[in-house]
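Trainee: Could you take me through this model? I am new to it and would like to ask about a few topics in turn.
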Amino acid sequence: MRVLADGDLAIGFFNLSDGQREISLQFWDLGLPYASGFSLSLKDCWTNEELGVYTERFAPTVPAHDCLVVRAKLVRR
């Protein structure tokens, strides 16, 4: 994870295994508990696709030997 100049977060999900894997990120690990009233709006950095707004966790399935990099913007629920 890296904080970007505008305050958004860049988050990488890396799968080094030989099969696809679900990789889970719990938002409280970022200091964002559900009770805070905030969610994360996620966007795929490679495809520029909006992935949606998530409140507690994000768990993408990443293909074998691949990665997913997302831009996360804090939004009030």
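Trainee: What do β5 and β6 form, and how many residues are between them?

Mentor: β5 and β6 form a hairpin with five residues between them. Within the turn, N48 has a positive phi of about 65 degrees. Strands here, like helices, are DSSP runs numbered from the N terminus, with at least two residues (E) for a strand and at least four (H or I) for a helix. Please note that this is a predicted model: local features need pLDDT of at least 70, side-chain atom pairs count only at pLDDT 80 or more, and totals for chains, interfaces and linings use all residues. Residues are numbered from 1 along each chain as its sequence is written, and side-chain values use heavy atoms, with hydrogens and water left out.

Trainee: How many bridges pair β5 and β6, and in which sense?

Mentor: Four bridges pair β5 and β6, in the antiparallel sense. Two strands count as paired if DSSP finds at least two bridges between them. In β6, the residue opposite K43 is E50.

Trainee: And which residue does K43 stand opposite in β9?

Mentor: In β9, K43 stands opposite R71. Strand β5 (residues 38–44) pairs with β9 over seven bridges, in the antiparallel sense. Another position to look at is F38, whose bridge partner in β9 is R76.

Trainee: In what order do the strands form the open sheet?

Mentor: The order is β1-β2-β9-β5-β6, five strands with antiparallel pairing. β1 and β6 (50–54) are at the edges with a single partner strand each, so one side of each has no neighbour in the sheet.

Trainee: Is β5 mostly covered or mostly exposed?

Mentor: β5 is mostly covered, since five of its seven residues are buried. Buried means under 20% relative accessible area, exposed means over 50%, and partly exposed lies in between (1.4 Å probe, protein chains only).

Trainee: Changing topic, how many salt bridges are there?

Mentor: The count comes to five. A salt bridge is a side-chain nitrogen of Lys or Arg within 4 Å of a carboxyl oxygen of Asp or Glu. One of them joins R71 and D6, whose closest N and O atoms are 2.9 Å apart. That pair links distant parts of the chain: R71 lies in strand β9 (residues 66–76), while D6 lies in the loop between β1 (2–3) and β2 (9–15), 65 residues apart.

Trainee: Which residues are linked with R71 in a network of salt bridges?

Mentor: The network links D6, D8, R71 and K73. R71 meets D8 in a salt bridge at 2.9 Å, N to O. These two are 63 residues apart, with D8 in the loop between β1 and β2. D8 also forms a salt bridge with K73, with 3.3 Å between the closest N and O atoms.

Trainee: Is D8 buried or exposed?

Mentor: D8 is buried, at 7% relative accessible area. By contrast, D6 is partly exposed at 49%, as are R71 at 32% and K73 at 40%.
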